[in-house]
Amino acid sequence: MSSTTHVVSLSNIQKTFVTRHFFQLDEDTHKRQIYRKRVVNAAMNVSFGIRRGEIFGLLGPNGAGKTTTVKMISGLVKPDGGVVEVEGMDVERWRHRILQRVGVVLEGTRTSIWPLTPLENLAYYGNLKNVTGKRLFERSHELLDFIGLKDQKNVQVRYLSRGQKQKLAICIALIADPQVLLLDEPTTGLDVQSSRSIKDKIIQMTREQGKSVLVTTHDMHVAQELCDRVGIINHGELVACKTTEELLTLFSDQQFEFRVDREPAAGRFQEIRGVREVSTTLSADGAVLTVRLVREPDKRSAALYEIVSTLHGDGYRLLGVNQHQESLESVFLQLTGPGPKR
Ligand SMILES: Nc1ncnc2c1ncn2[C@@H]1O[C@H](COP(=O)(O)OP(=O)(O)OP(=O)(O)O)[C@@H](O)[C@H]1O
Ligand SMILES: [Mg+2]
């Protein structure tokens with residue numbers, strides 16, 4: 001993966017964690033003994049890149065490895081193998097430089113200091129990242145105006161709402177004007193308005209300033225609305241990495257609905273080569289036969305002909321044919337299964 005086209009690039013990243021399960025020996029002393037160790041794959045040969053001015057979404061079920069990936073890009077967690085580069089620099093080698101170039105907001109962490117005000121927080125974090133004096137003053141006010149915290153800039157963070165704290169965390173991540181912004185679950189737990197406003201700001205910033213943004217999310221609507229491309233990660237493995245439209249098209253191609261005058265016998269169609277799954281549903285004016293086909297175009301075409309000729313041969317009246325339109329949520333479930341497998 002070339003680092004000239006990608007601002008962030010991950011090549012063959014590996015990361016495993018060893019988790020220890022404890023066995024409680026004594027209820028009074030609370031002494032514990034390790035009784036089982038388990039190796040968890042948080043990244044297995046993960047490779048992808050993020051371009052300038054692009055919003056990349058990393059989707060995956062709980063425990064898939066999203067936060068770990070964000071931490072590896074920002075240099076907070078060291079991969080066991082592979083290379084992470086930001087603007088062509090190896091993150092492991094140039095960690096101190098990367099800190100200036102990458103802004104990160106981790107999920108559910110209390111980044112901001114609650115007894116301080118938003119302005120004081122930005123001064124504190126600005127100083128840590130060598131942003132001082134006039135630059136700090138201008139940048140802090142500019143960011144708070146941009147994100148919509150102008151009226152709260154002198155209020156102690158403890159009195160801010162969850163959405164306002166999240167907006168402040170984004171400002172803190174942006175204080176040194178990094179080229180790359182990593183947002184771990186930026187809208188989780190926020191109401192519709194706060195979520196909308198954060199999404200709008202992310203889009204505006206990416207388009208106007210050409211930043212590269214990585215967003216992890218569980219929310220398929222967020223991904224569909226916000227992301228130019230998405231990567232789907234499951235048990236540490238990147239199972240898909242495409243533009244949102246490509247993903248939807250790829251899966252929509254596979255499922256067809258045949259509206260017929262009476263309920264068809266599903267078994268007849270299950271036997272056809274190229275058919276993966278068959279289901280039937282009854283409707284007021286007949287029934288719908290839904291078939292999921294294989295991906296290969298030639299086999300799919302042959303299967304479609306055979307389905308139509310079987311319907312014809314068995315005397316069904318064909319009332320209509322639809323190509324099923326997939327949602328990102330259904331694509332996600334097909335790629336990752338209905339829930340965590342462990
Ligand atoms: N420091 C750690 N020590 C041991 N195991 C860890 C550590 N950090 C993460 N893991 C494990 O690695 C796996 C991936 O965790 P990660 O936090 O990256 O998942 P995630 O995709 O962000 O999940 P979620 O959607 O719940 O936030 C999990 O099984 C987790 O238990
Ligand atoms: Mg996470």
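Trainee: How many helices and strands does the secondary structure of the chain come to?

Mentor: Start with the ground rules. This is a predicted model, where local features need pLDDT of at least 70, side-chain atom pairs count only at pLDDT 80 or more, and totals for chains, interfaces and linings use all residues. Residues are numbered from 1 along each chain as its sequence is written, while chains are lettered from A and ligands numbered from 1 in the order in which they are written. Helices (H or I, at least four residues) and strands (E, at least two) are DSSP runs, numbered from the N terminus. Here the chain has 11 helices and 14 strands.

Trainee: What does the C-alpha trace span along its principal axes?

Mentor: About 80 × 55 × 45 Å.

Trainee: Which domains does the assignment give?

Mentor: Domain bounds come from an automatic or database domain assignment. For this chain, domain 1 covers 8-245 and domain 2 covers 253-336. Their centres, taken over C-alpha atoms, are 42 Å apart.

Trainee: How many residues of domain 1 are in contact with domain 2?

Mentor: First the term. Two residues are in contact if their C-beta atoms, placed from the backbone, lie within 7 Å. By that rule, 11 residues of domain 1 are in contact with six residues of domain 2. On the domain 1 side, α7 (220-226), β9 (229-234) and β10 (237-243) each supply at least two residues. The largest share, three residues, comes from α7.

Trainee: Which classes of residue make up that side of domain 1?

Mentor: The classes are simple. Ala, Val, Leu, Ile, Met, Phe, Trp, Tyr, Cys and Pro count as nonpolar; Asp, Glu, Lys and Arg count as charged; the others, Gly among them, count as polar. The side of domain 1 that touches domain 2 has seven nonpolar, four polar and no charged residues.

Trainee: Now the ligand. How many residues surround ligand 1?

Mentor: A residue is near a molecule if its C-beta atom, placed from the backbone, lies within 6 Å of it. Around ligand 1 there are 13 residues, and the closest are Phe-17, Asn-62, Lys-66, Thr-67 and Thr-68. β1 (8-24), β2 (32-50) and α1 (66-73) each give at least two residues to this shell. The largest share, three residues, is from α1. By class, the shell has four nonpolar, seven polar and two charged residues.

Trainee: Which residues of α4 are buried?

Mentor: A residue is buried if 20 or more other C-beta atoms lie within 10 Å of its own, exposed if 12 or fewer, and partly exposed in between, with C-beta atoms placed from the backbone. In α4, the buried ones are Leu-136, Ser-140, Leu-143, Leu-144 and Ile-147. They sit on the same side of α4, because they cover an arc of only 95° around the axis. The arc is that of the directions from the helix axis to the C-beta atoms. Lys-134, Glu-138 and Asp-145 are exposed on the other side of α4.

Trainee: What covers the buried residues of α4?

Mentor: The cover includes α3 (118-128), α5 (162-174) and α6 (192-209). Now look at α3. Its buried residues are Pro-118, Asn-121, Leu-122, Tyr-125 and Gly-126. Seen down the axis of α3, they fall within an arc of 130°, so they line one face of the helix. They pack against α4 and α5.

Trainee: Where does the backbone take a positive phi?

Mentor: Then take Asn-12, in strand β1. Asn-12 is not a glycine, yet its phi is positive, about 50°. Glu-87 is in the loop between β4 (81-86) and β5 (89-90). Glu-87 is not a glycine either, and its positive phi is about 45°.

Trainee: Is Glu-87 buried, exposed or partly exposed?

Mentor: Glu-87 counts as partly exposed, because it has 18 C-beta neighbours inside 10 Å.
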